[in-house]
Amino acid sequence: WMARQARERIALEQAKREAARGAASDALQQALARAEVERVPALIEDAEEAGVDAEELREARAELVALEEQAALARKEAARQALRAAIAGESIGALQEASDAARALGMVAVDAIGEGEPLLAEAAVRVEELEAAAEAAEAERRDAACALETVIGSQLTDAEAMREAMGRAAAAGVDSELLARGAEKQAVLEEEEALRLEAEELARFEAEEAERAVREAAEAEEAARLGAPQGGKKTPG
């Protein structure tokens with residue numbers, strides 16, 4: 001009886017070990033099939049402790065190496081895509097972030113012998129271009145603001161000069177408070193311009209009317225002169 005119990009206990013323990021070994025093997029194979037690289041190392045340890053076949057463990061480790069290489073390649077390709085998008089954009093911050101992420105993966109710019117990642121070199125050039133463009137834009141903003149301040153303060157500014165200065169300032173991104181002051185001055189000048197144009201039009205009309213009146217008076221006088229009898233002559237009878 002005791003011997004039978006011992007055999008049953010041994011059989012039960014063996015069945016548990018087999019079940020644990022099978023569960024560990026299944027979990028490992030499922031993780032490998034799903035390319036769950038982060039989980040596989042711990043699952044290999046679990047499988048080894050559970051007594052999974054050494055050949056299966058060797059194959060699992062080899063497959064893990066291959067998966068890690070594929071994952072590394074995928075991360076680098078994603079980094080290249082991010083670099084391409086940043087190079088096509090206008091953000092220096094995005095370029096620096098994408099470049100830093102690429103370098104964190106071990107990617108380096110092309111060196112003197114042509115080895116490395118060309119996109120990192122392109123990103124560096126693009127950063128320089130954007131920084132130069134930003135400096136130029138800032139210089140234009142300052143110049144446009146200065147020009148607008150000048151025409152606002154001048155007593156000789158006309159509406160056309162004001163419109164030109166306002167257009168330049170708006171395009172350059174000048175401070176909204178200065179643009180508001182310019183708009184006020186522009187409104188005054190354009191009202192004055194409208195009044196001046198109206199006065200000029202009225203003066204032109206009056207001059208034309210006066211010229212017409214003089215011409216009509218002259219024509220009437222000429223007609224009267226030609227229609228009157230000539231002095232000293234008698235009509236034959």
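At what angle do helix 4 and helix 5 pack, and how far apart are their axes? In this predicted model, where local features need pLDDT of at least 70, side-chain atom pairs count only at pLDDT 80 or more, and totals for chains, interfaces and linings use all residues, helix 4 (residues 92-104) and helix 5 (residues 118-153) pack at an angle of about 160°, with their axes 10 Å apart. Residues are numbered from 1 along each chain as its sequence is written, and side-chain values use heavy atoms, with hydrogens and water left out. Helices are DSSP runs (H or I, at least four residues) numbered from the N terminus. Axes are lines fitted to C-alpha atoms over the stretch in contact, and angles run from 0 to 180 degrees between N-to-C directions.

Helix 4 and helix 5 are therefore roughly antiparallel, a term for angles over 145 degrees. Helix 4 passes helix 5 in a left-handed crossing (the near helix is turned anticlockwise from the far one by less than a right angle). From helix 4, Ile92, Leu95, Ser99, Ala102 and Arg103 take part. They meet Leu120, Ala123, Arg126, Val127, Leu130 and Glu131 of helix 5. Contact here means heavy atoms within 4.5 Å. By class, the residues of this contact are seven nonpolar, one polar and three charged. Nonpolar covers Ala, Val, Leu, Ile, Met, Phe, Trp, Tyr, Cys and Pro; charged covers Asp, Glu, Lys and Arg; the others, Gly among them, are polar.

Ser99 belongs to helix 4. Ser99 is buried, at a relative accessible area of 6%. Buried means under 20% relative accessible area, exposed over 50%, and partly exposed in between, with a 1.4 Å probe and protein chains only. Residues up to four places away in sequence aside, Ser99 touches Leu83, Leu120 and Ala123.

Helix 6 and helix 7 pack at about 155°, and their axes are 9 Å apart. That angle makes helix 6 roughly antiparallel to helix 7. Their crossing is left-handed. Helix 6 contributes Ala159, Met162, Arg163, Met166, Ala169 and Ala170 to the contact. Helix 7 contributes Leu179, Gly182, Ala183, Lys185, Gln186, Leu189, Glu190 and Glu193. The contact of helix 6 with helix 7 has eight nonpolar, two polar and four charged residues.

Helix 2 (residues 40-49) packs with helix 3 (residues 54-88). The axes of helix 2 and helix 3 come within 11 Å and cross at roughly 175°. These two helices are therefore roughly antiparallel to each other. Val40, Pro41, Ile44, Ala47 and Glu48 of helix 2 make the contact with Leu57, Ala60, Arg61 and Leu64 of helix 3. The residues of this contact comprise seven nonpolar, no polar and two charged.

Around the end of helix 5, several residues were examined individually. Val151 is found in helix 5 and is buried, with a relative accessible area of 15%. Beyond four places in sequence, Val151 touches Thr157, Met162, Ala165 and Lys185. Val151 and Ala183 are 32 residues apart in sequence, and their C-alpha atoms are 12 Å apart in space. A polar atom of the Thr157 side chain lies 2.9 Å from the backbone oxygen of Val151. Neighbours within four places in sequence aside, Thr157 is in contact with Val151, Met162 and Leu189.

Ala35 is placed in the loop between helix 1 (2-33) and helix 2. Ala35 is not a glycine, yet has a positive phi of about 55°. At 40% relative accessibility, Ala35 counts as partly exposed. Glu45 lies in helix 2 and is partly exposed, with a relative accessible area of 49%. Glu45 and Leu28 are 17 residues apart along the chain, with 9.7 Å between their C-alpha atoms.

Conventions. Angles under 35 degrees count as roughly parallel, over 145 as roughly antiparallel, 65 to 115 as roughly perpendicular and the rest as oblique. A polar contact is a pair of N or O atoms within 3.5 Å; within protein, one must be able to donate a hydrogen and the other to accept it, and residues adjacent in sequence count only if both atoms are side-chain atoms.
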